[in-house]
Amino acid sequence: MKIFDDMAAYVKDVTGLIWNYIHHRDLYPDNAQLAVQPELMASVIDDPALCRHCDFYELGTLISKDDHGRLVPNTSAIQNMANRYYEVG
């Protein structure tokens with residue numbers, strides 16, 4: 001069963017959240033994680049204690065470095081995470 005209506009849109013949304021985190025890390029709590037609340041079809045980056053009934057993902061696993069050493073969203077990891085919310089095949 002699909003939890004999110006459009007997987008491509010969800011991946012794009014999470015990628016945008018990761019970009020925002022990369023550019024504004026000082027605005028997030030030190031222990032911030034990606035919180036996915038499947039029932040609401042919503043994702044946020046925040047303190048895990050502030051989200052009930054969420055699946056949590058360490059941000060370090062969703063961020064990598066490009067060839068110039070700059071932080072960028074890890075599109076493969078984001079895609080793999082999103083696959084958990086969709087039927088395979």
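**Entry 1: the model.** I am working from a predicted model, so I kept that in mind while reading what follows.

**Entry 2: aromatic pairs.** I looked up the aromatic pairs and found that the structure holds 2. One of them joins Tyr-10 and Tyr-85. I noted an edge-to-face arrangement for these two rings, with 6.4 Å from centre to centre and 75° between the planes. Where do the partners sit? Tyr-10 belongs to helix H1 (residues 7-23), while Tyr-85 is in the segment after helix H2 (75-83), so the pair ties together parts that are 75 residues apart in sequence.

Entry 3: Next I went along H2 and listed its buried residues: Ala-77, Ile-78, Met-81 and Ala-82. They span an arc of only 135° around the axis, which means they lie on the same side of H2. On the face turned away from that buried side I found the exposed residues Thr-75 and Asn-80.

**Entry 4: what covers H2.** I then asked what lies over the buried residues of H2. The cover includes H1, along with strands S1 (33-37), S3 (55-57) and S5 (71-73).

**Entry 5: the start of H2.** Last, I looked at where H2 begins. There, a side-chain oxygen of Asn-74 comes to within 3.2 Å of the backbone nitrogen of Ser-76.

Methods
Residues numbered from 1 in each chain as written. Predicted model: local features only at pLDDT ≥ 70, side-chain atom pairs only at ≥ 80, totals over all residues. Heavy atoms only, no water. Phe/Tyr/Trp six-rings, centres within 6.5 Å; stacked < 30°, edge-to-face > 60°. Helix = DSSP H or I, 4+ residues; strand = E, 2+ residues; numbered from the N terminus. Buried < 20%, exposed > 50% of the residue type's maximum accessible area, 1.4 Å probe, protein only. Arc of directions from axis to C-beta. Contact = heavy atoms within 4.5 Å. Polar contact = N/O pair within 3.5 Å; in protein donor to acceptor, adjacent residues only side chain to side chain.
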